[in-house]
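Here's a quick briefing to read with the model open beside you. Have a look, then work through the topics below.

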Amino acid sequence: MGESFFKWDQQKLTTHVDAMDREHQKLIDIMNRLYERHEAKATKPELQSIVRELVSWTVTHFEHEEKFFDTLAYSQASVHKKIHKDLIARLKEHGGEFEKTGVLTPAFFQFLKTWLTAHIMGIDTKYGLIASQKAG
Ligand SMILES: [Fe+2]
Ligand SMILES: [Fe+2]
């Protein structure tokens, strides 16, 4: 097996909220599996089931995250929700493209990678900061 698509990096990616870190790790696991099976030239139905799992877990994760940060005095909550909405729309767009063509494009994987680094590091760590201030 080659390099993973994406490696969890505790220092860069932690939100300091264990439950959310675990959910992010699960997200990364699904993405890595999708990439591995794509590289292994898996059949469309197999890839399709992973893409659907990715979409459904992302929707679930965002719901959990929103419920969590609604319990905090987090001023960016509505902006963050808007970003989630846009990400889901773009993820579903890529997913729909794949359902039609049966091809997972480099653009799809690029989107997943950018989303992970930019969203987890740039956005999710903000509620993490507020949660840890509240705890400490
Ligand atoms: Fe988020
Ligand atoms: Fe997140």
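At 59% relative accessibility, His16 counts as exposed (exposed means over 50% relative accessible area, buried under 20%, partly exposed in between, with a 1.4 Å probe and protein chains only). His16 sits in the loop between helix 1 (10-13) and helix 2; helices here are DSSP runs of H or I with at least four residues, numbered from the N terminus. This is a predicted model, where local features need pLDDT of at least 70, side-chain atom pairs count only at pLDDT 80 or more, and totals for chains, interfaces and linings use all residues. Residues are numbered from 1 along each chain as its sequence is written, chains are lettered from A and ligands numbered from 1 in the order in which they are written, and side-chain values use heavy atoms, with hydrogens and water left out.

- Most residues other than glycine have a negative phi.
- You'll find Lys41 in the loop between helix 2 and helix 3, and its 73% relative accessibility makes it exposed.

**The iron ion (ligand 2)**

- Which residues coordinate the iron ion (ligand 2)? They are His24 (NE2), His61 (NE2), Glu65 (OE) and Asp124 (OD), at 2.2 to 2.3 Å.
- Donors are N, O and S atoms within 2.8 Å of the metal (3.2 Å for Na, K and Ca), and since water is not among the atoms, sites may look incomplete.
- The 4 donor atoms subtend angles of 82 to 167 degrees, so the arrangement around the iron ion (ligand 2) is irregular.
- Along the sequence, the donor residues of the iron ion (ligand 2) follow the spacing H-x36-H-x3-E-x58-D.
- Distant parts of the chain get linked here: His24 belongs to helix 2 (residues 18-39) and Glu65 to helix 3 (residues 44-69), 41 residues apart.
- Both His24 and Glu65 are buried.

**The iron ion (ligand 1)**

- The iron ion (ligand 1) is coordinated by Glu65 (OE), His80 (NE2), His84 (NE2), His119 (NE2) and Asp124 (OD), at 2.1 to 2.3 Å.
- Its donor residues are spaced E-x14-H-x3-H-x34-H-x4-D in sequence.
- Glu65 bridges the two ions, the iron ion (ligand 2) and the iron ion (ligand 1), which lie 3.5 Å apart.
- His80 and His84 are 4 residues apart in helix 4, so about one helical turn separates them.
- His80 is buried at a relative accessible area of 1%, and His84 is buried at 1% too.
- Leaving aside neighbours within four places in sequence, His80 is in contact (heavy atoms within 4.5 Å) with Glu65, Phe69, Tyr74, His119, Ile123, Asp124 and Tyr127.

**Helix packing**

- Two packed helices are described by the angle between their axes and the distance between the axes.
- The axes are lines fitted to C-alpha atoms, for helices over the stretch in contact, with angles from 0 to 180 degrees between N-to-C directions.
- For helix 2 and helix 3, the axes come within 10 Å and cross at roughly 165 degrees.
- That makes helix 2 roughly antiparallel to helix 3 (over 145 degrees is roughly antiparallel, under 35 roughly parallel, 65 to 115 roughly perpendicular and the rest oblique).
- Helix 2 and helix 3 cross in a left-handed way: the near helix is turned anticlockwise from the far one by less than a right angle, whereas clockwise would be right-handed.
- Helix 4 and helix 5 (residues 106-135) pack at about 165 degrees with their axes 12 Å apart, and are therefore roughly antiparallel.
- Helix 4 passes helix 5 in a left-handed crossing.
- Residues making that contact include His80, His84 and Leu91 of helix 4 and Trp115, His119 and Asp124 of helix 5.

- Thr58, in helix 3, is buried with a relative accessible area of 1%.
- Not counting residues up to four places away in sequence, Thr58 touches Leu27, Ile88, Leu91 and Trp115.
- Lys85 is in helix 4 (residues 77-101) and counts as exposed at 63% relative accessibility.

Methods:
Tetrahedral: all angles 85-135°; square planar, octahedral: opposite > 155°, others 65-115°. Helix = DSSP H or I, 4+ residues; strand = E, 2+ residues; numbered from the N terminus.
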